Every structure is written in C-alpha cells, then in structure tokens.
Amino acid sequence: MQPPRQFPPGNPAPTSGLAVASLVFGIIGLVSSWCLLGIPSIVAIILGHAATGKTKRGIRPGHGMAVAGLILGYVVVVPAFLVIGFFALTQPDELAQLVNLGFDWLNL
C-alpha cells in the first residue's frame, strides 16, 4: 500500500488592498484629524465598508483590518459631527460667522 500523496500548500490569497488602505487612512485620520479636516477618516470609512463586503464573504483575507479601519474612521467622524451639530443648535450665528471666515480665503 502506498502512502497518501502530499501536495505542497498553495499560495494564500493576498490580503485585500481595500482593507489595508482603510486601516492606513484610519490611522492617518486619527493622528491628524483636525489638521486634515477629517478627510482621511471619511476615506477610511468608505474603503472599510467596501473591504468588509469582500472580506466577510471570504473572497479575500483582511476582515480584521477592514473593521479596524472602520472603527478608527468612526472614532473621528462621529464626535466631529456631534460637536458641529451641538454648536449649530446652540450658537447658529457664530457658526455662520465661522463658516464665512473659513471661506474668505477662497475670494468668493
């Protein structure tokens, strides 16, 4: 009787690039949230949701990275929206003045 054939292990599927990008943008957004106006965090959320769809079904590995990118993105975006919303409700005139001052540099 022959011993069973041993096959070499196949190459593992590469980690999802969207998941990696979501994690990287989440870290950048957390570190520089106010300097970059939270834009990297919003990108991390978008990429994280896209990556979660692919990694959840098992097409590619990297589900943990996608979820981590989502969490880091939401950690910056949710409090920012809460602060802006609270400020808009309590002091709308000052908010309008700040918005006008912010857009003065555009020379509109």
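Student: Which way does helix 2 pass helix 3, left-handed or right-handed?
Tutor: Keep in mind that this is a predicted model. For the pair you picked, look at how helix 2 goes past helix 3: the crossing is left-handed.

Student: And how do helix 2 and helix 3 run relative to each other, roughly parallel or roughly antiparallel?
Tutor: Helix 2 covers residues 39–56 and helix 3 covers residues 63–90, and their axes come within 8 Å, crossing at roughly 150°. Angles over 145 degrees count that way, so helix 2 is roughly antiparallel to helix 3.

Student: By class, what residues make up the contact of helix 2 with helix 3?
Tutor: On the helix 2 side you'll find, among them, Ile 42, Ala 44, Gly 48 and Lys 56. Helix 3 brings residues including Ala 66, Gly 69, Leu 70 and Tyr 74. Sorted by class, the contact has nine nonpolar, eight polar and one charged residues.

Student: Zooming out, what pattern does the chain follow along the sequence?
Tutor: Start with the elements: the chain has four helices and zero strands. Read in sequence order, that gives α-α-α-α.

Student: What radius of gyration does the chain have?
Tutor: Its C-alpha trace spans about 90 × 30 × 20 Å along the principal axes. For a compact globule of 108 residues you'd expect a radius of gyration near 13 Å, but here the chain has 22 Å.

Student: What share of the residues in the chain is buried?
Tutor: Buried here means under 20% relative accessible area. Of the 108 residues in the chain, the buried ones make up 24%.

Terms used:
Residues are numbered from 1 along each chain as its sequence is written. This is a predicted model: local features need pLDDT of at least 70, side-chain atom pairs count only at pLDDT 80 or more; totals for chains, interfaces and linings use all residues. Side-chain values use heavy atoms; hydrogens and water are left out. Axes are lines fitted to C-alpha atoms, for helices over the stretch in contact, and angles run from 0 to 180 degrees between N-to-C directions. Helices (H or I, at least four residues) and strands (E, at least two) are DSSP runs, numbered from the N terminus. Angles under 35 degrees count as roughly parallel, over 145 as roughly antiparallel, 65 to 115 as roughly perpendicular and the rest as oblique. A crossing is left-handed if the near helix is turned anticlockwise from the far one by less than a right angle, and right-handed if clockwise. Contact means heavy atoms within 4.5 Å. Ala, Val, Leu, Ile, Met, Phe, Trp, Tyr, Cys and Pro count as nonpolar, Asp, Glu, Lys and Arg as charged, and the others, Gly among them, as polar. The radius of gyration is taken over C-alpha atoms; the globule rule is 2.2 Å times the number of residues to the power 0.38. Buried means under 20% relative accessible area, exposed over 50%, partly exposed in between (1.4 Å probe, protein chains only).
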